[in-house]
Amino acid sequence: MSKALRQIVRFLLAAAIVFAIVGVYFRVIHVNPTTVGFTFLLAILLVSASWGLQCAIFMAVVATLAYNYFFLPPVGRFTIADPQNWVALLAFLITAVIGSDLSERARREAMHSDQRRREVERLYAFSQQLLVTENVFGLLNRVPRFIVDSFGVTGAAVFIESKRKTYFSDIGIQGAVPVEKLQAVTGRGEPMLDQQRGVCFMPIRTGVRPIGSLGLTGCALSRETQEAIGSLIAIAIERAATMERLTKAEATRESDRLRSLLLDSVTHEFRTPLTAIKASAETLLSEVELDKPQVKDLATVINEESDRLNRLVGEAAEVAQLDAHQVELNFEPHPIREAIDLALQEAKHSVEQHTVEVSVPPELPPARMDLKRIAEVLGQLLENAGKYSPANTPIHITAELQDSQLVVSVADHGPGIDDAEQSMIFEKFYRGRNERVSIQGTGMGLSIAKAIVELHGGTISVTSQLGHGSVFSFTLPLQS
């Protein structure tokens, strides 16, 4: 129904209400003219509050005529015998009009307050959406869509001066929101209304400096709300840019820190095997007479220390690959016993002075894993257990189901790990305070194990008690 037709229907209903009141008081209930007048006045106020001032004034005129014709003597004629009734009739009409006007004002204020409340709620929801991303590029691509969803406009466009780029909620509104006008609004720093197109333009400011502009189609928002939207967008852009700068600065500092740690750790670890290789080679090249067993011992030292150097280089390269997410995993269902056997074979020299006890129920279902990588994790845990535990103490390997996950544990009888250090031992290059000098290592092994387990969708943790040993556990998802 059109607005004009709806207004006509309301006028007719207002007249019908007047005639209904006349019918009740003239035909059914006979009351004095004062009661009739107050009834008319109450009905007019209700109509004004519901349908507006125009309808209420029309009803007041109709009610005045009906009041005169049916209730003021001489009844049945549009004349007034007593001059005092002219005063009463005029007072009724003025009171009805003034009361209608006041009621209309109250209605408009209530509607305005309700509209402002809804706009404030939408602004709050919009501000929450702006916190979704901390990336400027992602934020600018989402903001126009956020505006459309939050404020019910048909389209939105955001122009950013520094990027010389416009972001649209829908590619179809590019014709309705010309980029030239967005640029002009940014340059002038003043809002503009294109009534012909029905588009609102508002500058986006940080302080007093425009950084861009906002264009809205199908906009019925107040100017204050449009300014608030622009301010929220400016704040969000500044916040996201600041977060990006902080993140890059933190990443740079962390990269420098890791590079320094890597150089210090690897350099220190390289010196020991290089020194042994150099000494053995110089001895072999010297003119000192050596018997066959001595030559074999020196060659063995060179061979073992070369393997150690190769392992150190491999660990450093693996850390770099894991950090860059350049590791490809071959996921297949495997029984965990396969990974344990492979790890025991590769770590046999590390645990040769220990008894390894394996407890794996045969009914365990296969787990989704990269067999070689999980064997590498177990090998690292076994190597640590053999390195840090006293000779001839047992090492226990167990596997069990917990909460629909496979939990694998390696327990030792070493010195244990202090509570303060348990949360740090999986960090790159971190080594326990008591073992940094007495036991060789780079601190890369557990961080590599952690990264591999997390790439499998699992977690790794440690439970330890000083003087009683440690239990390293990791989880794997089962093959579905």
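Tutor: A patch is made of residues with over 30% relative accessible area and no salt bridge, and nonpolar side chains are joined into one within 5 Å. Keep in mind that this model is predicted.

Student: Which residues form a nonpolar patch on the surface here?

Tutor: Leu-5, Ile-8, Val-9, Leu-12 and Leu-13 do, and together they have about 430 Å² of accessible area. Leu-13 lies in helix 1, residues 3-28.

Student: Where do nonpolar side chains tend to be in soluble globular proteins?

Tutor: They tend to be buried together. In this model the largest nonpolar core has 38 residues, and Ile-336, Leu-378 and Phe-474 have the most contacts inside it. Helix 10 (371-388) is one of the elements that give two or more residues to this core; its share, eight residues, is the largest.

Student: Which residues does Ile-336 touch, not counting those up to four places away in sequence?

Tutor: Among them are Val-360, Leu-364, Ile-374 and Leu-476. A second, separate core of 30 residues includes Val-143 and Phe-146.

Student: What is found in the turn between strand 4 and strand 5?

Tutor: Two residues lie between these strands in the hairpin, and Gly-207 in the turn has a positive phi of about 75°.

Definitions and conventions: Residues numbered from 1 in each chain as written. Predicted model: local features only at pLDDT ≥ 70, side-chain atom pairs only at ≥ 80, totals over all residues. Heavy atoms only, no water. Patch = residues over 30% accessible without salt bridge, like charges linked within 9 Å, V, L, I, M, F, W, Y side chains within 5 Å. Areas by Shrake-Rupley, 256 points an atom, 1.4 Å probe, with all protein chains shown as cover. Salt bridge = Lys/Arg side-chain N within 4 Å of Asp/Glu carboxyl O. Helix = DSSP H or I, 4+ residues; strand = E, 2+ residues; numbered from the N terminus. Core = buried A, V, L, I, M, F, W, Y, C linked by side-chain atoms within 4.5 Å. Buried < 20%, exposed > 50% of the residue type's maximum accessible area, 1.4 Å probe, protein only. Contact = heavy atoms within 4.5 Å. Pairing = 2+ DSSP bridges.
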